Amino acid sequence: MRISVIGGGYVGLVSAACFAEMGHKVNIVEVDPEKVEKINSGISPIYEKGLDNLLSAYAGHSLSATACYDDISDSDLSFICVGSPSQKNGSTDLSMIESACISLGKALQDLEGYHVVVVKSTVPPGTTESVVMPVVLEHSGLHNLKLGFAMNPEFLREGLAVQDFLKPNRIVIGSSDSNAGDIVEAAYHGLNAPIIRTGIQEAEMIKYASNAFLATKISFSNEVGNICKRLGIDVYEVMNGVGMDPRISPHFLNAGAGFGGSCFPKDLLSLIRLAEMVGESPSLLKSVIKINDYQPRRIIELLENRIGNLEGKRIAILGLAFKNDTDDIRESRSIVVISELERRGAEVSAYDPVANSAMKKIFPKLVTKECASDALRGADACLVMTEWPEFANLDKQFDLMKSRVIIEGRKILKCKGVEGICW
Amino acid sequence: MKRISVIGMGFVGLVSAACFAHKGFDVLVSTHDPKKVEMIHAGKAPFYEKDLNPILAEVVKKGNLRVIAGRREAILDSDITFIAVGTPSKADGSIDLGFIKSSAKEIGEALKDKDGHLVVVKSTVAPGTTEEIVKPAIEKYSGKEVGSDFGLCMSPEFLREGNAVYDTLNPDRIVIGESDKSAGDALEEFYREFYGEKCPPILRMSLVAAEMVKYTSNALLSTKISFANEIGNICKEFGIDTYEVMRAVGMDHRLSPHFLRAGVGFGGSCFPKDVNALIHKAKEIGYDPTLLKAVMNVNEEQPKRMIKLLERKLPSLKGKKVAVLGLAFKNDTDDIRESRAIPIIRMLLDKNVRVSVYDPLANENMRSIFPDIEYCTGAEESLRNADACLVVTEWEEFKKLDHEFDVMKNKVVIDGRKVISSREGIDYDGLCW
């Protein structure tokens, strides 16, 4: 099939590369000319495991990128993969979706066959039907006999996105009519996964509910971890027993400093705003956010319990990315920790294997180091914020500290004398 | 083979005792209640639990299970004693340890004359109870020391009412909290003998961690239900089918598809009690458990929502007749503890509604709480001339209801469990769908 992917960001790139791997002819529409050039020369503009290999294999053959929408009317399907960031009040900013729909609509004016517009971006329930459909129809001048619409959320984990795309737990396709849904389903032909056909709003909600639920499991574990720590119980031992119940599943039960990243906090906040808009007060979802906001403050509390006033103290932070295997720092718990430390007059020296420069954009004065030892040298205390595997075996490096006070927000260290945020 | 005694003849105690005996162990249970002795001798449990009576009859007949009057004899005549007495909730959410304390005392007094005994707490008790209450009581009354003279373990049960026999014989995992290694070894040996080749994974840990596993498991299952209900409430406002949403959500291997059915909330003798006890324990140690409180909050709101939905259909409820179908906290049991039907009936009565109810098993139990409402022997009888119907329990037989609704005066049906399948000709509304 001929597939257009609108937006060469993380989701768009991974989807496009994987569709090419599945034998489709794919064109990425990306407004940034620098990214277009990189993609066309087979280099990934972002770090994601396995993506470079796919891009270099298919760029110039079945995968291309352009800055304009001209070729869209030649394709069977277009996937909208542009960003849908949070606004300050937690609601979703749909301006990129809207402008993509306007351009898409105009480009489809000279459409000859049948085309399906598929929303892959995470959008609040109702968006596809009340924003995407009317805008595309208006600007294309077409009626919905020639255009189909579908909503097909992604469930990609950063660091595992290629694998998640090609080996998904399930493929969710919400469509306005079965013909449109059938065409989207055909694009996924060959993947061994159950396909769930639903209404469009249901598909939009599935994405939010999935992320909200995963976030709930994390906050639940953190709350139980906070209780366990006070009772002197190892929460990991507890969760190991809990997770063996098949009604629960053992994943996402790791207590720690909380969740970050570009999805969980954002999706949870928009779901809360949406619920409030229809007159609901979602107390459980709000408590999930509240616990997540508390965890980084909790680690500062523990630090103060250990070394007292933080003014003038040197604190080493190990790990800046919101999780391991990524340079993404969006909503990373380290951000909260660093700003709390700075506010209290502590001197921070940080180290992350790949996210140093990203964090410097937020904290220009932040001192970053090229290795853990350099960050630890002379520090009064150390906070471990990301579960990078390379941190697991740190031990004698901590001897470089002025005093060996180590508090970890992720259960990763193996050496002795470590305090955990929940253990 | 080790000889077993079980203290407590409630649901957990009797099911465990019957299953132990079923696998060939000699099991002694004791009760001071002659009526219970007689029932068990006749192979009948004093409560309803699927598959229990046949096993009970078999083990009593074979002589593997014996009921005696004195606890002391039962303890002295066995190698391992399981404590499976009740730990009911007090008004503040904490648990009443009266039965636990008296059991520990009796065990202590018996152990004065016996060495090498293993005591296992199976009752659900707040973290710290085994170490801080059971252990010192046994030591005090026996004059002996844990570790050297007797062993102490905490091994929580994960039984579902209605599936308890199956769950005892086929658990997902065995949790052993231990006072010392030899106590844990002895209990592990017993379980390995009991399960044979089909032995599930056995997790060994401290006493307090084992207590926490039980609370945390129930709290997380409750959290899933309240999460599903909260999403369901939002979905309902958007006109989205939450069951379709949760089907896809549950396919994520990190989540598991169970306990995602939106509805009128959870009841029973475990979830509300255990979540409240955990909340109470957390507060006691200076931690405010936001999420657990929200889980309970959502659960308490669901029955109120059902009444609100009813009032949207019937603005004035005064003098109306409302049929409540289902009283048990879930299907396949006569247990009404914390059933969502209770707050629902109470709210209806507060609004001067005539309530007529039907449950296949739980009518009699509910009579002790609401003696003056109308109890019916079938769904149709309770629906006759009713202005509305609320479905509160997911009994299999309710799935087939259809022409029975014809006898209603006003065919408003509000389903709290997504159980009614035939929706033609009635004014149907689901609580979250």
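This is a predicted model: local features need pLDDT of at least 70, side-chain atom pairs count only at pLDDT 80 or more; totals for chains, interfaces and linings use all residues.
**View 1. The salt bridge between B:Asp185 and B:Arg204 in chain B.** The closest N and O atoms of B:Asp185 and B:Arg204 are 2.8 Å apart, and the two residues form a salt bridge. Because B:Asp185 belongs to helix α8 (residues 181-195) of chain B and B:Arg204 to strand β8 of chain B, this pair ties together parts that are 19 residues apart in sequence.

**View 2. The salt bridge between B:Lys304 and B:Glu301.** The side chains of B:Lys304 and B:Glu301 meet with an N to O distance of 3.4 Å, and both residues lie in helix α12 of chain B, three residues apart, which is about one turn of the helix. B:Lys304 counts as partly exposed at 38% relative accessibility, and B:Glu301 is partly exposed with a relative accessible area of 29%.

**View 3. The salt bridge between A:Asp399 and A:Arg404.** In chain A, the side chains of A:Asp399 and A:Arg404 meet in a salt bridge with an N to O distance of 2.9 Å. A:Asp399 is exposed, its relative accessible area being 52%, whereas A:Arg404 counts as partly exposed at 31% relative accessibility. Over all chains, the count comes to 59 salt bridges.

**View 4. The interface between chain B and chain A.** The contact takes 62 residues from chain B and 60 residues from chain A, and the area buried between the two chains is about 5700 Å², with carbon and sulfur atoms giving 72% of that area. Two salt bridges are counted between chain B and chain A, and the side chains of A:Arg170 and B:Asp252 meet in a salt bridge at 4.0 Å, N to O. The interface also holds 22 residue pairs in polar contact, both residues being at pLDDT 80 or more. On the side of chain B that touches chain A, at least two residues each are supplied by β8 (202-206), α9 (207-238), α10 (242-249), α11 (271-284) and α12 (290-313) of chain B, and the largest share, 20 residues, comes from α9(B). The residues of this side divide into 34 nonpolar, 13 polar and 15 charged.

**View 5. The interface between domain 1 and domain 2 of chain B.** The domain assignment of chain B gives domain 1 (4-200) and domain 2 (208-433), whose C-alpha centres lie 33 Å apart. Here 26 residues of domain 1 are in contact with 23 residues of domain 2, and the two domains of chain B bury about 2000 Å² between them, 59% of it on carbon and sulfur atoms. B:Tyr48, B:Pro127 and B:Glu161 supply 35% of the area that domain 1 of chain B buries against domain 2 of chain B, more than any other three residues. One salt bridge is found across this interface; B:Glu157 forms a salt bridge with B:Lys214, with the closest N and O atoms 3.1 Å apart. On the side of domain 1 of chain B that touches domain 2 of chain B, the elements giving two or more residues are α6 (129-142) and β7 (174-178) of chain B, and β7(B) gives the most, with three residues.

**View 6. The interface between domain 1 and domain 2 of chain A.** Chain A is divided into domain 1 (2-198) and domain 2 (264-420), and the C-alpha centres of these domains lie 34 Å apart. In this chain, 14 residues of domain 1 are in contact with 12 residues of domain 2, and the domains bury about 1000 Å² between them, 50% of it on carbon and sulfur atoms. A:Tyr47, A:Gly90 and A:Glu158 supply 46% of the area that domain 1 of chain A buries against domain 2 of chain A, more than any other three residues. The count between the two domains of chain A is zero salt bridges, while four residue pairs, both residues at pLDDT 80 or more, are in polar contact.

Terms used: Residues are numbered from 1 along each chain as its sequence is written. Chains are lettered from A and ligands numbered from 1 in the order in which they are written. Side-chain values use heavy atoms; hydrogens and water are left out. Contact means heavy atoms within 4.5 Å. Buried area is the accessible area (1.4 Å probe) that two parts lose on being put together, summed over both. A polar contact is a pair of N or O atoms within 3.5 Å; within protein, one must be able to donate a hydrogen and the other to accept it, and residues adjacent in sequence count only if both atoms are side-chain atoms. Helices (H or I, at least four residues) and strands (E, at least two) are DSSP runs, numbered from the N terminus. Ala, Val, Leu, Ile, Met, Phe, Trp, Tyr, Cys and Pro count as nonpolar, Asp, Glu, Lys and Arg as charged, and the others, Gly among them, as polar. Domain bounds come from an automatic or database domain assignment. Buried means under 20% relative accessible area, exposed over 50%, partly exposed in between (1.4 Å probe, protein chains only).
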